[in-house]
Amino acid sequence: MRVVELAGIGPGPFAAMLLADLGADVVRVDRPGGGGLAIDPAYDVTNRNKRSVLVDLKSPEGPARVLELAERADVLIEGFRPGVAERLGVGPEECLARNPALVYGRMTGWGQEGPLARTAGHDIAYIAVTGALGMIGSPEGPPAVPANLVGDYAGGSLYLVIGVLAALQHARTPGGAGQVVDAAIVDGTAHLTAMIHGMVAAGGWQDRRGVNLLDGGCPFYGTYETSDGRYMAVGALEQQFYDTFVRLLGVADEAPARKDLARWGELREAVAA
């Protein structure tokens, strides 16, 4: 599989890295002066397993060079704001005209259309709007920021890769053709919360953070400070693991019933003691 990546930052390069990790031949189209992470490129792991070529897309010959690459590629990935690729002359229409079997992957925060499409944004804003950010953290404090893992990489990169691979399979079937895969971080992140919304609807999850089975509210699924000032992660959801957990801690006799949610506070104190 041959992939052309129009270099950017964040979820686009990560998606191309995943494809390269899977064996794809990835050519990254870099712009003059860089534009990636503000670190030594040798330490940017999203560059791994890729070749690169320097192209100034704003020069008269720049777009033609990209179109030549797209003509020989199976996949193209770009993460520009909506309309930028079209203005540069390397949008889906131009690329698919040169290569009708091409899978044209697009990565944006808000999507190509809609009231926020042309608004700048970052991971934290995308996951805030979807409600995912509000699910993370303690009930007494503000939402905890999970680096840029939930939006950029889980809701963005992974969904783009899944869509690209599905579209590539379609393009390679008899009668198939290339197409545009439009991945928006808000869409992917909202989709990631599907199970939680189902549990809320079923009455098995409270619509507030830090009080539920999998968000740190459960005393046998969370973190505890240890005597050396560090933290220990605990995940003893199943009964057999819970029994082993309280036995090794020596609190099996004093720990209240694990299913008694009203006494979770007592159980947490017994574990932390």
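**Disulfides, a buried helix and aromatic pairs**

The count of disulfides, each a pair of cysteine sulfur atoms within 2.5 Å, comes to 0. This is a predicted model, in which local features need pLDDT of at least 70 and side-chain atom pairs count only at pLDDT 80 or more, while totals for chains, interfaces and linings use all residues. Residues are numbered from 1 along each chain as its sequence is written, and side-chain values use heavy atoms, with hydrogens and water left out.

Cys95 counts as buried because its relative accessibility is 0%. Cys218 is likewise buried, at 0% relative accessibility.

The next element is helix H1. Helices (H or I, at least four residues) and strands (E, at least two) are DSSP runs, numbered from the N terminus. The buried residues are Pro11, Gly12, Pro13, Ala15, Ala16, Met17, Leu18, Leu19 and Ala20. After H1 comes Gly23, which has a positive phi, near 110°.

The aromatic residues come next. A pair of aromatic rings is described by the distance of the centres and the angle of the planes. Rings of Phe, Tyr and Trp (its six-membered ring) pair if their centres lie within 6.5 Å; planes under 30 degrees apart count as stacked, over 60 as edge-to-face, and the rest as tilted. A search of the whole structure finds 4 such pairs. One of them joins Trp110 and Tyr126 in an edge-to-face arrangement, 4.8 Å centre to centre with 85° between the planes. This pair links distant parts of the chain, 16 residues apart: Trp110 is in the loop between strand E5 (103-108) and helix H5 (123-130), and Tyr126 is in H5. Trp110 counts as buried at 14% relative accessibility, and Tyr126 is buried with a relative accessible area of 7%.

Phe220 and Tyr242 have ring centres 5.2 Å apart and planes at 70°, so their pair is edge-to-face. Phe220 lies in the loop between helix H8 (194-201) and strand E7 (221-225), and Tyr242 in helix H9 (residues 239-249), so the pair ties together parts that are 22 residues apart in sequence. Both Phe220 and Tyr242 are buried. Ring pairs link these two residues and Trp264 into a cluster.

Tyr242 also has a charge over its ring, which requires NZ of Lys or CZ of Arg within 6 Å of the ring centre and within 35 degrees of the ring normal. The residue over the face of Tyr242 is Arg258, at 5.1 Å from the ring centre.

Terms used:
Buried means under 20% relative accessible area, exposed over 50%, partly exposed in between (1.4 Å probe, protein chains only).
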